[in-house]
Amino acid sequence: MAFRLALVQLAVSASKADNLQNAARLIKQASQNGAKVVALPECFNSPYGTSYFKDYAERIPGQSTEVLSKAAKENNIFLIGGSIPEEDNGKLYNTCTVYNPEGNMVAKHRKVHLFDIDVPGKICFKESETLSPGKEFTTFDTPFCKIGIGICYDIRFPELAYIYSDLGCKLLVYPGAFNMTTGPAHWELLQRSRAIDNQVYVASVSPARDEKATYIAWGHTTVVSPWGEVVATTEHEETIVYYNINPDYVDEVRSQIPIRSQKRSDLYKLTKVSE
Ligand SMILES: NC(=O)CCC(=O)C(=O)O
């Protein structure tokens, strides 16, 4: 069954209250425009940066996730709540929660791959200075299709996307916040790569760009089809990106180019490590 996806490229400020209010307003707008699944960006309630995570962190459930649960219920939608800094047992995580139209939390993804990079003269960022990594794969069912969740840097790891497609996901959603160095170079290419590798829809949701922020987001919230085409995108201002996802198109592309049944599992395979 086809459905309308809305990706909210939210302008995130230092005021958590404003961020929550803005998110609720744009979620409502997306639902009034027919969206059945709505997604927010990475770190939607707080500026993105290691110096902010502790101050903005909340337990789950907490203030921000209660706003999300209420918004999902009031608007009768599935809501992928971007991510928030989560505090649990003295540790901090970068966590995405997902709600069904009854407002129940149906999934929780803690960013698995922490964003630790050093590109000399351009950007050095170490999420691991303050955050701990998640350990779980995260998918959830909707009446439309199964959806897999990754957060930002998670998109660089093809294994995660492969596992999600193997579990039956037809859409992968990555709340993300690439930057002015890696954004232009890799943001779209990574989405198209994951889409083609797995013949799935890939959607990535960024915050809007704030030139005065300590970390300047690239924006360019985007949807890519299972054929690898960019089917919806934008620049960097606050906006909502819409696309009508047709899960049957995933099957069509897979039957045209049947790489899934052509894998040489007699020669190689990906295995899940159990704890
Ligand atoms: N928030 C992030 O994980 C940023 C990832 C990123 O910019 C990248 O290049 O990867």
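Trainee: What should I know before I start?

Mentor: Numbering starts from 1 along each chain as its sequence is written. The model is predicted, so local features need pLDDT of at least 70 and side-chain atom pairs count only at pLDDT 80 or more, while totals for chains, interfaces and linings use all residues.

Trainee: Which residues does the UniProt domain annotation cover?

Mentor: The unreviewed UniProt entry gives "domain: CN hydrolase" for residues 3-247. Positions like these are put in the numbering used here, with feature names shortened, and annotations may be inferred rather than shown by experiment. Over residues 3-247 the chain is 26% helix and 30% strand, and the end C-alpha atoms are 9 Å apart. Helices (H or I, at least four residues) and strands (E, at least two) are DSSP runs, numbered from the N terminus.

Trainee: How many residues does helix α1 have, and what span is expected?

Mentor: The expected span is 1.5 Å times one less than the number of residues. Helix α1 (residues 16-32) has 17 residues and reaches 24 Å from first C-alpha to last, close to the 24 Å expected.

Trainee: Which residues of α1 are buried?

Mentor: Count other C-beta atoms, placed from the backbone, within 10 Å of a residue's own: 20 or more is buried, 12 or fewer is exposed, and in between is partly exposed. In α1 the buried ones are Asn19, Ala23, Leu26, Ile27, Ala30 and Ser31. Down the axis of α1 they fall within an arc of 140 degrees, so they line one face of the helix. That arc is taken from the directions from the helix axis to the C-beta atoms. In general, an α-helix has 3.6 residues a turn, so residues three or four places apart point the same way. On the face of α1 turned away from the buried side you'll find exposed Ala17, Gln21 and Gln32.

Trainee: What do the buried residues of α1 pack against?

Mentor: Contact here means C-beta atoms, placed from the backbone, within 7 Å. The partners are β1 (3-9), β2 (37-39), α3 (63-75), β3 (78-80) and β15 (239-245).

Trainee: Which residues are buried in α3?

Mentor: Ser64, Thr65, Leu68, Ser69, Ala71, Ala72 and Asn75. They span an arc of only 160 degrees around the axis, which puts them on the same side of α3. Their cover includes α1, β3, β4 (84-88), β5 (91-99) and β6 (105-110). Just after α3, Asn76 takes a positive phi of about 60 degrees.

Trainee: Now a loop. Where does Phe144 lie?

Mentor: Look between β9 (139-141) and β10 (146-149). Phe144 is partly exposed, because 19 other C-beta atoms lie within 10 Å. Setting aside residues up to four places away in sequence, Phe144 touches Met1, Phe3, Lys36 and Pro247.

Trainee: And Ser128, is that buried or exposed?

Mentor: Ser128 is exposed, because 12 other C-beta atoms lie within 10 Å. You'll find Ser128 in the loop between β8 (123-126) and β9, in contact with Leu114 and Asp116 once neighbours within four places in sequence are left aside.

Trainee: Last one: which residues are around the ligand?

Mentor: A residue is near a molecule if its C-beta atom, placed from the backbone, lies within 6 Å of it. Around the ligand are Glu42, Phe115, Cys152, Tyr153, Arg156, Ala177, Phe178, Asn179, Thr182 and His186.

Notes
Two residues are in contact if their C-beta atoms, placed from the backbone, lie within 7 Å.
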